[in-house]
Amino acid sequence: MSIKILMVCLGNICRSPLAEGILASKLPKNKFTVASAGTGSWHIGHAPDARSIAAAKNHNLDISNQRGRQFKTTDFDTYDYIYVMDNSNYTDVINLTENTAHKDKVQIILNELYPNENVDVPDPYFGMTNGFEIVYGMLDEVCDIIADKLIAKHA
C-alpha cells in the first residue's frame, strides 16, 4: 500500500503543483503517491500557472499534466500527510477537520525546515519576476527533508 501525501495551497496552480512535482521526484513511486489541491475553487481542472511549469522545467521536472482540484474533507481519510503552504491554508484546512487524527495530518510545510516557526511559502502569483524560482528553491530544500523522513519511516 502506497503512502499518500497531499500538498495544498490557495488555488492549486502555483505552489502546491511545484511541491507535488518536487516531492514526487524525490520519492520511490512504488511506495509513495504525491498529489496537490487548493483551498479555493477558482482553478479546478486548470493546468498549473505557466510560470510554475517553467520553473519546474528549469529543473528538469514536468508538471504540465497536473490539473487543479479543490481540497475536500474526504482528503483527510485518503492522505497520510497533508502539507499546506502557508498559515492561511493551514487555517482553512484545519477548519474542515472533524477529529484529532485529521488535524494531526496537517502541517505547514516549512515547519520541516524551520520547526514551529510557521513560516509561509510566499505566493508568487502577484510577486516578483523571479518569485517562482525562489519558491522552487524553498520547496526543493524542504522536500529533501520530507523525502528523507518519509523514506526512513516507510521505505
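Colleague: How many aromatic pairs does the structure hold?
Modeller: This is a predicted model, and the structure holds two aromatic pairs. In one of them, the rings of Phe-71 and Phe-76 have their centres 5.2 Å apart and their planes at 75°, so that pair is edge-to-face.

Colleague: Are Phe-71 and Phe-76 buried or exposed?
Modeller: Phe-71 is buried, and Phe-76 is buried as well. In the other pair, Tyr-125 and Phe-126 have ring centres 4.6 Å apart and planes at 90°, so these rings are also edge-to-face.

Colleague: What lies over the face of Tyr-125?
Modeller: Arg-51 does, at 5.3 Å from the ring centre.

Colleague: Switching to helix α2, which of its residues are buried?
Modeller: In α2, which spans residues 50-58, Ser-52, Ala-55 and Ala-56 are buried. Around the axis they cover an arc of only 100°, which means that they are on the same side of α2. Ala-50, Lys-57 and Asn-58, on the other side of the helix, are exposed.

Colleague: What covers the buried residues of α2?
Modeller: The cover includes α1, residues 15-26, and α6, residues 131-154.

Colleague: Which residue caps the N-terminal end of α2, and what follows the helix?
Modeller: Asp-49 is the cap, with a side-chain oxygen 2.7 Å from the backbone nitrogen of Arg-51. After α2 comes Asn-60, which has a positive phi, near 65°.

Methods. Residues are numbered from 1 along each chain as its sequence is written. This is a predicted model: local features need pLDDT of at least 70, side-chain atom pairs count only at pLDDT 80 or more; totals for chains, interfaces and linings use all residues. Side-chain values use heavy atoms; hydrogens and water are left out. Rings of Phe, Tyr and Trp (its six-membered ring) pair if their centres lie within 6.5 Å; planes under 30 degrees apart count as stacked, over 60 as edge-to-face and the rest as tilted. Buried means under 20% relative accessible area, exposed over 50%, partly exposed in between (1.4 Å probe, protein chains only). A charge sits over a ring if NZ of Lys or CZ of Arg is within 6 Å of the ring centre and within 35 degrees of the ring normal. Helices (H or I, at least four residues) and strands (E, at least two) are DSSP runs, numbered from the N terminus. The arc is that of the directions from the helix axis to the C-beta atoms. Contact means heavy atoms within 4.5 Å. A polar contact is a pair of N or O atoms within 3.5 Å; within protein, one must be able to donate a hydrogen and the other to accept it, and residues adjacent in sequence count only if both atoms are side-chain atoms.
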